[in-house]
Amino acid sequence: LKGKRIINMLRIKLLLTFLVLLILTACGGAATPSAPVADTDVLNLPQTVNVETVASIQDRDDVILIDVREQSEYDAGHIPGITLVPMSEIQNRLDEIPTDKEVIVTCRSGNRSGQVTDFLRKNGFDNVHNMQGGIVAWEQAGYPVEQ
């Protein structure tokens, strides 16, 4: 009976050790950005794009990034080179949104930019895409932010 208890205790300790190592391994890696994909087909982007895709195409002449957060949020930190058009101003600034480029819309978490993307699509823009996760996901992926 005592031998079985010792064996069971050893099994439990071994299992706990394994679980701790598994958790440490899974949580220990730092987030690193994916390498840019030079041949991304911007004309066939899905309605929602991830930050890796945006990072790989943001410097192209046929792509524009629009931040729909408010000025104070933008001032606290934004993607380099992005254009600020707050959500509250979109309706009055439709003429500033190009139709000859792919437009990536972003915000803090992807909620407001998703709403703006839907609004623009309902108003005839078929070249707009929501950046999933917003600036939060951008920063978590390790991409640069400027103030």
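Visitor: Hi! Is Glu96 buried, partly exposed or exposed, and what is its relative accessible area?
Guide: Glu96 is partly exposed, with a relative accessible area of 42%. Bear in mind that this is a predicted model.

Visitor: Which residue forms a salt bridge with Glu96?
Guide: That would be Arg93, and the closest N and O atoms of the two are 2.8 Å apart.

Visitor: How many salt bridges does the structure hold?
Guide: Five. Among them is the one between Asp62 and Arg60, where the closest N and O atoms lie 2.9 Å apart. Another joins Arg69 to Asp67, at 2.8 Å between the closest N and O atoms.

Visitor: Arg69 and Asp67: buried or exposed?
Guide: Arg69 is buried, and Asp67 is buried as well. For the other pair, Asp62 is partly exposed at 26% relative accessible area, and Arg60 is partly exposed at 30%.

Visitor: Switching topic: what is the strand order in the sheet?
Guide: The order is S1-S5-S4-S2-S3, an open sheet of five strands with parallel pairing. Strands S1 (48-49) and S3 (83-84) stand at the edges with a single partner strand each, so one side of each has no neighbour in the sheet.

Visitor: Which strand does S1 pair with, and over how many bridges?
Guide: S1 pairs with S5 (residues 128-131) in the parallel sense, over two bridges. Within that pairing, Thr48 stands opposite Asn130 in S5.

Visitor: And where does helix H4 lie?
Guide: H4 lies across strand S4 (102-106) and S5, and runs at about 170 degrees to S5.

Visitor: Okay, clicking. What does Ser113 touch?
Guide: Beyond residues up to four places away in sequence, Ser113 touches Val68, Val105, Thr106, Cys107, Asn130 and Met131. With Asn130 there is also a polar contact of 2.4 Å between the side chains. Ser113 is buried, because its relative accessible area is 0%.

Visitor: How far is Ser113 from Ile66?
Guide: The two are 47 residues apart in sequence, and their C-alpha atoms are 8.9 Å apart in space.

Visitor: What about Thr117, where is its place?
Guide: Thr117 is in helix H4 too. A polar atom of the Thr117 side chain lies 2.8 Å from the backbone oxygen of Ser113. Thr117 counts as buried, at 1% relative accessibility. Leaving aside neighbours within four places in sequence, Thr117 is in contact with Gln47, Val105, Val128, His129 and Asn130.

Visitor: New topic, aromatics. How many aromatic pairs does the count come to?
Guide: The count comes to one aromatic pair. The rings are those of Trp138 and Tyr143, with centres 4.8 Å apart and planes at 40 degrees, so the pair is tilted.

Visitor: Are Trp138 and Tyr143 buried or exposed?
Guide: Trp138 counts as buried at 0% relative accessibility, and Tyr143 counts as buried at 11%.

Visitor: Last one: what is Val51 in contact with?
Guide: Leaving aside neighbours within four places in sequence, its contacts include Trp138 and Tyr143, along with Met131, Gln132, Gly134, Ala137 and Ala141. Val51 is found in helix H2 (residues 51-57) and counts as buried at 5% relative accessibility. Val51 and Val136 are 85 residues apart in sequence, yet 9.9 Å apart in space, C-alpha to C-alpha.

Definitions and conventions
Residues are numbered from 1 along each chain as its sequence is written. This is a predicted model: local features need pLDDT of at least 70, side-chain atom pairs count only at pLDDT 80 or more; totals for chains, interfaces and linings use all residues. Side-chain values use heavy atoms; hydrogens and water are left out. Buried means under 20% relative accessible area, exposed over 50%, partly exposed in between (1.4 Å probe, protein chains only). Contact means heavy atoms within 4.5 Å. A polar contact is a pair of N or O atoms within 3.5 Å; within protein, one must be able to donate a hydrogen and the other to accept it, and residues adjacent in sequence count only if both atoms are side-chain atoms. Rings of Phe, Tyr and Trp (its six-membered ring) pair if their centres lie within 6.5 Å; planes under 30 degrees apart count as stacked, over 60 as edge-to-face and the rest as tilted. Two strands pair if DSSP finds at least two bridges between them. Helices (H or I, at least four residues) and strands (E, at least two) are DSSP runs, numbered from the N terminus. Axes are lines fitted to C-alpha atoms, for helices over the stretch in contact, and angles run from 0 to 180 degrees between N-to-C directions. A salt bridge is a side-chain nitrogen of Lys or Arg within 4 Å of a carboxyl oxygen of Asp or Glu.
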